[in-house]
Protein chains: 2
Amino acid sequence: MVLQTEFAQIKGNDLYIDDVKATDLVKQYGSPLYVMSEGHIRKQFNTLKTKMIDKYENTLPLFASKSFSCKAIYKLAMEYGVGIDCVSAGEISVALKAGFDPKKIYFHGNNKLPSEIQYALENGVENFVIDNFYEIELVEEIASKLNVMVNGLVRITPGVYAGGHDYIRVGAKDTKFGFSSHDNTYLKAIKKVIDAPHINFDGIHCHVGSQIEEIQAYVLAMNKFVDIAYEIYDIFGIVINKLNAGGGFGIQYTASDHPLEFDDVVSTIMDIIYKGFDRRNMKRPMVLVEPGRYCVGNAGITLYTVGSYKYIRDIRDYISVDGGMTDNIRSSLYNAKYDAVIANKAGEKADHLVTVAGKNCESGDILIKDIMLQDPQPGDILAMFSTGAYHYSMSSNYNQLPKPAVVFTYQGHSKEVIRRQTFDDLVAYDVD
Amino acid sequence: MVLQTEFAQIKGNDLYIDDVKATDLVKQYGSPLYVMSEGHIRKQFNTLKTKMIDKYENTLPLFASKSFSCKAIYKLAMEYGVGIDCVSAGEISVALKAGFDPKKIYFHGNNKLPSEIQYALENGVENFVIDNFYEIELVEEIASKLNVMVNGLVRITPGVYAGGHDYIRVGAKDTKFGFSSHDNTYLKAIKKVIDAPHINFDGIHCHVGSQIEEIQAYVLAMNKFVDIAYEIYDIFGIVINKLNAGGGFGIQYTASDHPLEFDDVVSTIMDIIYKGFDRRNMKRPMVLVEPGRYCVGNAGITLYTVGSYKYIRDIRDYISVDGGMTDNIRSSLYNAKYDAVIANKAGEKADHLVTVAGKNCESGDILIKDIMLQDPQPGDILAMFSTGAYHYSMSSNYNQLPKPAVVFTYQGHSKEVIRRQTFDDLVAYDVD
């Protein structure tokens with residue numbers, strides 16, 4: 001098992017998460033179960049604090065809500081002084097219900113609805129990452145009506161491609177996000193923001209990609225952004241107040257992933273930005289980043305119960321578990337790879353080559369194709385690692401499968417933070 | 001627009017669904033909105049009735065729940081004497097809450113959980129499509145404990161590949177579904193079912209594929225199944241009671257789809273089965289089929305409001321709508337193609353080439369790549385066709401977007417059958 005960490009440990013023949021035996025969690029909360037190591041999440045948030053907030057003045061890492069949004073995670077983020085980015089009024093509403101400071105919320109999205117803009121502004125969210133011209137008009141109109149000021153960060157697509165999968169590139173030219181950098185579109189956008197009476201032009205945002213393993217992608221993008229900051233100064237006479245370098249901080253899904261260290265990325269970013277701004281005697285900007293997956297991805301372990309098996313001679317051995325694409329769409333959507341272990345046989349040799357199928361009635365519902373496991377038998381508990389980001393948040397009720405509970409573990413204890421759905425929940429919205 | 005039907009009509013400059021103006025539906029129920037033409041669904045269910053139930057004795061088409069599961073659709077299916085297949089206890093629970101006769105429910109799935117088997121049996125569901133050896137043991141054990149009999153249809157993978165996308169083949173050898181036909185595994189399974197005291201060996205099931213456009217796939221599979229029926233008779237002395245030919249009945253998503261007629265498929269199936277059974281003087285079996293997409297796919301039209309737009313010079317013109325992969329995962333999951341129209345400009349010329357992006361914060365969230373539309377402007381209503389199957393049922397709350405309402409239209413009227421989620425619903429399962 002490559003993903004043994006200080007929070008997920010094998011002791012004897014069993015997997016423990018924050019010193020809680022995995023099989024005990026299933027006994028207590030049922031199966032399948034999303035387990036999130038609160039120990040691991042705290043460690044990650046603490047890294048954001050010590051390696052960015054405490055180390056460099058005027059910085060703010062924003063937890064990317066879309067990776068895992070619920071009240072419990074927002075409460076944890078607050079403890080470490082971390083901000084959040086939200087991509088919808090729904091995410092904002094959940095954060096506010098958790099007591100999150102609206103001033104530390106950055107509102108993202110390629111199509112913010114008028115109702116969402118109004119909701120955000122009425123609830124004190126003032127930082128907008130502005131994505132397109134139509135949004136500038138909408139925000140100005142609604143902010144004017146409400147007589148509030150918005151801080152607008154202009155999202156620029158730097159034309160840098162990074163990240164493994166075609167779906168998770170973002171900085172490229174052909175994208176639905178942001179203002180293009182290749183034909184001065186972004187300068188027209190900045191001018192329009194500067195001219196909007198109820199939007200304070202606050203700086204620029206870029207997002208280089210997801211799960212980035214090459215520091216060079218950040219170097220290229222940040223150098224380009226320093227050039228853009230110069231350009232903005234030269235054209236408009238404005239030193240930008242904030243520079244948001246976006247997300248892309250990777251995690252390890254399998255042994256073949258080699259994510260960058262948060263510390264290294266931040267050091268690289270800060271170094272380029274500070275040197276660039278110092279060179280022209282421009283006041284150093286506030287710097288923001290947006291890690292999501294990095295904070296919660298490796299904290300998550302999904303526990304499944306092994307059910308049926310199927311040995312197709314000369315072809316493949318299948319085992320099926322009690323979840324599937326409903327709780328993990330990434331396997332089928334992105335062909336994502338995962339590591340796993342039989343939690344109650346974790347000390348044994350992984351010498352059985354199997355394919356792990358979900359229970360959804362869909363051929364594509366395969367969670368892991370070809371993995372070596374400890375002799376999997378019905379009733380065994382399969383622990384699938386690195387399922388903390390984009391799993392619960394993307395979950396569905398396909399096949400009318402109730403969504404699993406989410407449990408936090410910490411220092412030998414566990415608590416349910418999201419309860420399991422019941423059959424009654426499946427008809428809660430049906431109108432008779 | 002290729003998908004104009006008797007239920008979706010353009011009158012003047014507007015799209016009407018069952019004589020209800022699309023834009024009026026958005027005004028009344030909000031946006032985005034899943035609209036289902038009850039007229040179209042009734043037409044399809046009526047085809048199942050007249051072209052199968054009424055035409056051939058001892059037949060039963062089963063609506064495949066997974067395509068669209070809610071109380072309203074089960075109530076409609078009942079009116080036409082149609083049965084259903086369910087792939088989980090959750091689907092069964094919803095059907096039973098709608099008042100569905102458990103005797104007309106067929107329970108599918110590659111990993112039926114012990115709790116699901118118990119739930120089904122306790123609630124009078126007696127028809128199981130048995131998928132694997134472990135299931136035979138489980139069903140026998142639980143049925144024995146409850147002292148009930150199960151009718152077991154043995155699911156055989158015929159080794160026939162059909163359907164366009166790699167994800168939607170099913171009959172192939174390398175599949176998580178059913179018993180393999182290439183090494184007599186299925187004969188061992190049938191023997192085991194025959195020997196199980198609480199399972200009545202009731203017949204066989206195959207599923208050739210999805211969205212099948214070649215009648216030859218059914219011909220090959222049915223001929224193979226007749227051979228298997230002979231083999232079962234020769235080996236075990238049993239004439240099978242039921243033959244379930246599965247699903248695969250296609251619909252038209254775009255002009256390039258050429259689905260088979262239900263009538264033609266059923267005639268072909270019945271002809272091969274009856275001739276084959278008559279030839280050996282075997283009593284003709286009850287014949288079942290499992291259309292899902294066919295019943296509801298083309299009934300569904302998703303109405304979106306157009307929001308932001310982005311014209312990237314020399315690259316691509318994007319428009320964004322207020323939904324996305326949360327309400328339609330098929331575009332990103334299966335690269336599925338759709339046809340669409342601007343509902344309030346439906347009479348105008350479609351002369352604008354655009355790409356329709358969703359509002360989810362995900363690069364892959366593109367609903368339609370390159371489509372000709374009537375000059376789309378913010379506030380216009382985009383009607384996307386053929387979204388009745390595998391849309392609501394696969395929907396998620398990613399990005400904390402509330403799920404849209406589902407509205408049925410019929411003969412000039414509309415009614416909400418599933419209400420829209422609210423922000424409060426997004427934290428309904430959070431534990432404080």
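Author: The size of an interface is often given as the accessible area lost when the parts come together. Here, about 1800 Å² is buried between domain 1 of chain A and domain 2 of chain A, and carbon and sulfur atoms give 66% of this area. Buried area is the accessible area (1.4 Å probe) that two parts lose on being put together, summed over both. In domain 1 of chain A, the residues that lose the most area to domain 2 of chain A are A:Tyr334, A:Tyr390 and A:Phe408, together 32% of what that side buries. The model is predicted: local features need pLDDT of at least 70 and side-chain atom pairs count only at pLDDT 80 or more, while totals for chains, interfaces and linings use all residues. Residues are numbered from 1 along each chain as its sequence is written, chains are lettered from A and ligands numbered from 1 in the order in which they are written, and side-chain values use heavy atoms, with hydrogens and water left out.

Reader: Into which domains is chain A divided?

Author: Domain 1 covers 8–30 + 299–427, and domain 2 covers 38–295; such bounds come from an automatic or database domain assignment. The centres of the two domains of chain A, taken over C-alpha atoms, are 33 Å apart. Their contact (heavy atoms within 4.5 Å) takes 21 residues from domain 1 and 18 residues from domain 2.

Reader: How many residues does the contact take from chain A and from chain B?

Author: Chain A gives 88 residues and chain B gives 87 residues. The area buried between these chains is about 7800 Å², with 53% from carbon and sulfur atoms. A:Lys176, A:Lys359 and A:Tyr429 supply 10% of the area that chain A buries against chain B, more than any other three residues.

Reader: Which backbone features deserve attention?

Author: Most residues other than glycine have a negative phi, and most peptide bonds are trans. In chain A, the peptide bond from A:Ser31 to A:Pro32 is cis, with omega near -5°. A:Pro32 belongs to the loop between α1 (22–29) and β4 (33–37) of chain A. Helices (H or I, at least four residues) and strands (E, at least two) are DSSP runs, numbered from the N terminus. In chain B, a cis peptide bond with omega about -5° joins B:Ser31 and B:Pro32.

Reader: What is the phi of A:Asp370?

Author: Phi of A:Asp370 is near 60°, a positive value in a residue other than glycine. A:Asp370 is part of strand β18 (residues 366–373) of chain A.
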